[in-house]
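I opened my notebook to look up aromatic rings and pockets. Here is what I jotted down as I went.

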Amino acid sequence: MNNFLIICLMQLISCLSPNGTKILRIGVSISVSELDPYYADAVNAIYLRTQQFNNRRDLIDDNTKLELYNLENFQQQAEVLKNGVVFTKSDVLAIIGTGWSSLTDLLLLVTRNSQIPVCDGGSTSPMLSNKLKYPNFFRTVPQDSAQAVAIVGFIKSNGWKKISIIYSNEPYGLGLATQTETECAKNGI
């Protein structure tokens with residue numbers, strides 16, 4: 001997880017041109033829930049890494065400081081949409097996004113025209129790779145096609161000739177199901 005945060009922050013910094021700006025404000029729209037402590041840890045790690053970046057003059061110049069603008073989304077679509085609107089109307093230069101493909105899809109629809117870069121380390125849907133629809137999105141994890149290759153490898157290793165795919169009808173589920181079906185067809189399953 002820490003590598004994801006370092007990569008996100010370094011890529012965001014490299015995308016930004018401060019031109020004398022003293023504070024680079026980065027929006028954070030990650031769900032924090034007692035049901036999923038992974039994302040609470042992620043937000044804490046982002047704050048820790050931001051502090052570390054601000055203390056390392058070899059990464060950013062003396063006149064620049066990273067600042068986080070955290071808006072929790074509670075895994076709710078309405079919150080993500082609201083956060084996207086708030087970010088586009090603020091001085092946020094980049095966004096570390098939701099961690100969920102379906103929520104990232106919504107955030108990107110709101111931020112698309114503002115051209116604010118959105119970096120995400122959990123949204124793996126192949127649909128998000130469409131640069132015409134999502135020109136401001138990049139991720140630090142592979143898309144679902146890598147998972148599909150592994151799934152089909154498991155199917156082949158068990159000698160199964162037919163399978164059924166059950167998926168959720170949202171970007172992550174649909175993307176993974178589509179990629180798995182394509183990989184199965186390539187492998188005669």
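**Rings first, then the pocket**

I started with F87, which is buried, with a relative accessible area of 0%. I kept in mind that this is a predicted model.

Next I looked for aromatic pairs, and the count came to two. I noted that the ring centres of Y69 and F87 are 5.7 Å apart and their planes are at 75°; edge-to-face needs over 60, so that is what I called this pair. I then checked where the two partners sit: Y69 is in strand β2 (residues 65-70) and F87 is in helix α3 (residues 77-88), so the pair ties together parts 18 residues apart in sequence. Y69 itself came out as partly exposed, at 23% relative accessible area.

I also found a charge at Y69: the charged end of R25 sits over the ring, 4.6 Å from its centre.

Then I went to the rings of F154 and W160, where the centres are 5.6 Å apart and the planes at 85°, so I wrote down edge-to-face here too. W160 is partly exposed, with 40% relative accessibility.

Last stop was the largest pocket, which holds about 150 Å³ of space. Which elements give two or more residues to its lining? I got α5 (144-157) and α6 (171-186). The most comes from α6, with five residues. Among the lining residues I listed I151, I155, Y167, Y172 and T180. I sorted the lining by type and got nine nonpolar residues, three polar and no charged.

Notes
Residues are numbered from 1 along each chain as its sequence is written. This is a predicted model: local features need pLDDT of at least 70, side-chain atom pairs count only at pLDDT 80 or more; totals for chains, interfaces and linings use all residues. Side-chain values use heavy atoms; hydrogens and water are left out. Rings of Phe, Tyr and Trp (its six-membered ring) pair if their centres lie within 6.5 Å; planes under 30 degrees apart count as stacked, over 60 as edge-to-face and the rest as tilted. Helices (H or I, at least four residues) and strands (E, at least two) are DSSP runs, numbered from the N terminus. Buried means under 20% relative accessible area, exposed over 50%, partly exposed in between (1.4 Å probe, protein chains only). A charge sits over a ring if NZ of Lys or CZ of Arg is within 6 Å of the ring centre and within 35 degrees of the ring normal. On a 1 Å grid over the protein atoms alone, a cavity is a set of points where a 1.4 Å probe fits but cannot get out, and a pocket is an open set with protein on both sides within 12 Å along at least five of seven lines; lining residues have an atom within 4 Å of a point. Grid points are joined across faces, edges and corners, and a volume is the space filled by probe spheres set on the points. Ala, Val, Leu, Ile, Met, Phe, Trp, Tyr, Cys and Pro count as nonpolar, Asp, Glu, Lys and Arg as charged, and the others, Gly among them, as polar.
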